[in-house]
Amino acid sequence: MFDKTLAELAIGLKTGQFSSVELTQAYLARIKAEDDKYNSFITVTDELALEQAAKADAAIAAGNAGTFTGLPIAHKDIFCTQGVRTSCASKMLDNFVSPYNATIVDKFNQAGAVTLGKTNMDEFAMGSSNESSFYGPCSNPWNTDYVPGGSSGGSAAAVSAQLTPAATGSDTGGSIRQPAALCGITGLKPTYGRVSRYGMIAFASSLDQGGPMTKTAEDAAIMLNVMAGFDQRDSTSADRDVPDYTAELNKPLEGLRIGLPKEFFSGDINADIAAQTQAAIKEFETLGATVKEVSLPNTALSIPAYYIIAPAEASSNLSRFDGVRYGYRCENPTDLEDLYKRSRGEGFGPEVKRRILVGAYALSEGFYDAYYNKAQQIRRLIRDDFSKVLSEVDVIMGPTTPHPAFKIGEKSSDPVAMYMEDIFTLSLNLAGLPGMSIPCGTIDGLPTGLQIIGDYFAEQKLLNVAHQFQLATDWHKQSPQGI
Amino acid sequence: MEWEAVIGLEIHAQLATKSKIFSGASTAFGAEPNTQACAVDLALPGTLPVFNEEALRMAVKFGLAVDAEIGRKSVFDRKNYFYPDLPKGYQTSQLFHPIVGIGHIDITLEDGTTKRIGVTRAHLEEDAGKSLHDEFPGMTGIDLNRAGTPLLEIVSEPDMRSAEEAVAYVRKIHSLVTSLGICDGNMSEGSFRCDCNVSVRPKGQEEYGTRTETKNINSFRFIEKAIVGEIERQIDLIEDGGRVIQATRLYDADKNETRSMRSKEEANDYRYFPCPDLLPIVIDDEYIENIRNTLPELPDARKARFTEEYKLSEYDAMVLSADHNMATYFEIIVETAKDAKLAANWVMGELSKLLNQHDLDITNSPVNAEQLGGLLLRIKDDTISGKIAKQVFEVMWSEGGNADEIIESKGLKQVTDSGAIEQIVDEVIANNSPQVEQYVNAEPDKRGKMIGFFMGQVMKASQGKANPGQVQGILKQKLDALVS
């Protein structure tokens, strides 16, 4: 049962093969038995899950069930969940029980979903390895000595280890796609504005975007059908119609034009990853696609630009964590300044502090033009690069990451090396474009991902392309050993 | 040496929207602490701002009223600093692209001259909450009801050269925002407050001296006093060989002095950058013209109408039109009492006197316009004299009630019965024979003045209730009868 997709489980529920309560109990038991190995959950919400499952069963019995009714999922602990600790994997919010639901949490609740719990992540989504979590690192189910990627590492590991059929994630610079690649699952970062950010604790507001992390492209479409849509509470959400993302999954790929940016296949990239990506492209060619080389000349600039803009926004977004109204407060502050300094000094981990410092510096008087404005100019160049290429091809493909998963601790003392792991994913966030990662191979028992990039609001196209690949291949069906 | 002051002002006008600028919480004043602060105002993790378009319409109204350029594209920026009453750790404001650009207003001074003052810009921003230092010994309470209230910050050019000009400017802006209905103008509740930038320089010198900024002054009188005091302080300082230090100062109304709050060196670097949670506001000519068509009568037009329609003097019209609420109050009285001159005298006289004595704004007057209008009506129809009316007014002020009730209950109705008045006149004439003799023996042209004494006696004997016109007539008749 644990290898079943959302689509399959939905049929099982509807045909009475099992109830939502049975399904939920099974997953809760599995999390309890297995998660010690991975540490993929920060909080397991047994009671809430069983309550929601019972409601779902009643709805199914009454014939009021929707597609999602009774399906269990997990939420990245960046999404506020009413009455449940929402920690963002930080000591700062270890004691924070949200009094409200994020918009997407509401949407899943209304769709009848069952919340199994809240998944581990890098602290405030800052990291590519899940090692910066206050609750300890999360392990990659394919090899527990390795990182699952980040920042949505807990969601990726939980799906990969079959502790949940699907999970939500958030992606600021690759935080859905990179852990999806490293854990051998499917991850979609929608177009900026497609999914409401309300209630998703902000890291970098102009880059953050929530999305699904699933076993298959079809499941990602089912998830996105629930998540997507305009939200009056998020001024940056897109006020445009939401199509049925499952509707075009089965369109043939005959005539699909694929662009391969030469910059995604050069520089510091694992040779096997490059080869596996090329093999995946070949598969698309057999499905009728045409391929041409394209150029995204400013790809290398995406890392410096990103590491100005994201920390700049973060330095401001994280100012609200001041020990005054909620969250961590230091003991016995002597005065206001002491309260601020120690609450923030003790409440934030080193990576978060590093980014706050970088961001505050980049925004400070006298440096703003040289850093922040320059980074915004680069951002425009990157967006223009993509626009040009996407006027010539339907989708852009390349590796999701330059390397497979690395060992826990291997890069934690070298932040720049860690940042480089996001070289292929960051530029999409800067441009606001949608991107997916789907499994396309393994190297020494560790999965690798193929990234598919589309035009603004072309999620239907991405899901179609990914689904067709998954019909033709079985990389997405491979599981870690013993699972 | 002769010195010249240079003054520029920043006015914070709270916009009279029902809900906050970025959340749906109410902006009503005076609620229990933290009962009007929602998740967004508390800056709970994950919350996002949504711009209240009503604030935009109000800002555009102001821009049109000061003949300013309206920003077709304005952008919210974050001003980052830590303070307990600033929940997000930044204030959302507009630095680089304000909604209102360069404009101007004309002020009229006491001597009747007018002067044009430049308005540099006006931008939208959110107010902070309040720190409460007195309620909790050894601790500070935070009330976030005010957090997120929309403000229009109106920045002037450094065009003013005296406290008088500065106050005239502030009054004019106050009058504009209240006339436009975009601000209640209530200074004691902090709806309208002013930061004064003051420097001095030797007369004739072109470059500016070092300025200080005195923050958050919330009455016209304090603005005048603070500026006068600051000019004196700076001149004294320089004449004694010192120099002015660029600093932010606070005005202490109790001591009537400004004192340093922080110097430039200690000033924050606010690390402004465009707020990524809010889209730029883009408006077109049609949007602006639609708002222009809804503009109400502005103070200058109202003043012109007052001289024309009510035949008021230039001075009276200026005073009465300067404050929107005062002008409206005045017009309600005119409507009731049908006598503009009488209404003007009362509003500028008795009413203003008591308001000043109690340091009250017209909107907080214990006597409303309908009450006062009712009172004036009783003067007009001779129910009471002007003098008795003042007594009635004082009762109204302290105890409430309408004119007729007070006149009735206090027995203040004017005596118009000629028989009764004649009786009092006869008594007065009988009891003051020396004065009667003087009257009789006086030159005829002096008698007019002498009659005043008898008037006084009669009014006193009638406790002010006798109709003065009748008294005068009867007195003259009876006294003149003694002459022949």
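Visitor: So two strands pair if DSSP finds at least two bridges between them. Which strands form a hairpin with two residues between them?

Guide: That's β10(A) and β11(A), and A:D444 in the turn has a positive phi of about 50°. Strands (E, at least two residues) and helices (H or I, at least four) are DSSP runs, numbered from the N terminus. Bear in mind that this is a predicted model: local features need pLDDT of at least 70 and side-chain atom pairs 80 or more, while totals for chains, interfaces and linings use all residues. Residues are numbered from 1 along each chain as its sequence is written, with chains lettered from A and ligands numbered from 1 in the order written.

Visitor: How many bridges join β10(A) to β11(A)?

Guide: Eight, and the two strands run antiparallel.

Visitor: What else does β10(A) pair with?

Guide: Strand β5 of chain A, residues 186-189, is joined to β10(A) by three bridges, again antiparallel. There, A:K189 is across from A:G435.

Visitor: Is β10(A) mostly covered or open?

Guide: Mostly covered: seven of the nine residues in 435-443 are buried (20 or more other C-beta atoms, placed from the backbone, within 10 Å of the residue's own; 12 or fewer is exposed, in between is partly exposed). Across chain A, 61% of the 483 residues are buried.

Visitor: OK, switching to helices. How many are there in chain A?

Guide: Chain A has 15 helices, plus eleven strands. Take α12(A), which covers residues 369-390. Its buried residues include A:Y371, A:I378, A:R379 and A:F386.

Visitor: Where do the buried ones sit around α12(A)?

Guide: Looking down the axis, they fall within an arc of 130°, so they line one face. The arc is taken from the directions from the helix axis to the C-beta atoms. The face turned away from them carries the exposed A:D369, A:A370, A:Q377 and A:D384.

Visitor: And what covers the buried residues of α12(A)?

Guide: The cover includes α9, α11 and α14 of chain A, along with β14 (273-274) of chain B.

Note on methods
The expected span of a helix is 1.5 Å times one less than its number of residues. Two residues are in contact if their C-beta atoms, placed from the backbone, lie within 7 Å.
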